[in-house]
Amino acid sequence: MSELRVPTLAMDTEIVCADGTWFVGRIFLPAASSHHAGAMRPDEWMNDSTPFFPFLPANASSAVILNKSEVVVLSVVVERAAEGEEDQPDVPRRRVQVECRERVVAGTVSIDMPEGHQRVLDYLNRPDPFLTVHDGDREHLVRKTRITRVLEPREG
């Protein structure tokens, strides 16, 4: 049966669900992406069309299956500085504070959008279900339907 398994890479993760449940554990990303060389990135994995995913809680021996639509924020530590940002120095970045009721995530969003559509509002209105907020070595994937408000702090 092991020959039928998809090769994966485990990533340490924190998840906040819509009911307030908070998990710490691991997600398992496919070791290969169909869009680029290397493993699938957390943002493309959460934004794909599959509604459920396995999650292994810390200190547990078996995984649970979570519904992506119930995830408010999924946070992962990335080993490289916000993947792709060095490769695309001309991509505009905006500082944001994203509020999902009492949960607040702050950082930057990389607005890889066509000229004339590079506002945070334009980026939020893309069809992807999750917004990626970079915060140092962390990526926070925020479910857009759970966002109550987005603020753009003035640059000092």
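**Cysteines**

I looked up cysteine 100 and found that it counts as buried, at 5% relative accessibility. Buried means under 20% relative accessible area, exposed over 50%, and partly exposed in between, with a 1.4 Å probe and protein chains only. Cysteine 17 is also buried, with a relative accessible area of 11%.

I noted that this is a predicted model, in which local features need pLDDT of at least 70, side-chain atom pairs count only at pLDDT 80 or more, and totals for chains, interfaces and linings use all residues. Residues are numbered from 1 along each chain as its sequence is written, and side-chain values use heavy atoms, with hydrogens and water left out.

Next I looked for disulfides. A disulfide is a covalent bond between the sulfur atoms of two cysteines. The cut-off I used is a pair of cysteine sulfur atoms within 2.5 Å. The structure holds zero disulfides.

**Positive phi**

I then turned to backbone angles. Most residues other than glycine have a negative phi. Asparagine 59 is not a glycine, yet its phi is positive, near 65°. I found asparagine 59 in the loop between β3 (52–57) and β4 (64–67). Strands here are DSSP runs (E, at least two residues), numbered from the N terminus; helices would be runs of H or I with at least four residues. Asparagine 59 is exposed, with a relative accessible area of 85%.

Arginine 101 also has a positive phi, of about 60°, although it is not a glycine. Arginine 101 sits in the loop between β6 (93–100) and β7 (103–110). I recorded arginine 101 as exposed, at a relative accessible area of 69%.

**Salt bridges**

How many salt bridges does a search of the whole structure find? I noted eight. A salt bridge is a side-chain nitrogen of Lys or Arg within 4 Å of a carboxyl oxygen of Asp or Glu.

One of them joins arginine 26 and aspartate 12, with the closest N and O atoms 3.1 Å apart. Arginine 26 lies in strand β2 (residues 22–30) and aspartate 12 in strand β1 (residues 8–17), so the pair ties together parts that are 14 residues apart in sequence. Arginine 26 is partly exposed, at 37% relative accessible area, whereas aspartate 12 is exposed, at 53%.

I also looked up aspartate 43, which forms a salt bridge with arginine 41, the closest N and O atoms being 3.3 Å apart. Arginine 41 counts as partly exposed, at 26% relative accessibility.

My last entry is the salt bridge between the side chains of aspartate 122 and arginine 119, at 2.8 Å from N to O. Aspartate 122 is buried, with a relative accessible area of 13%.
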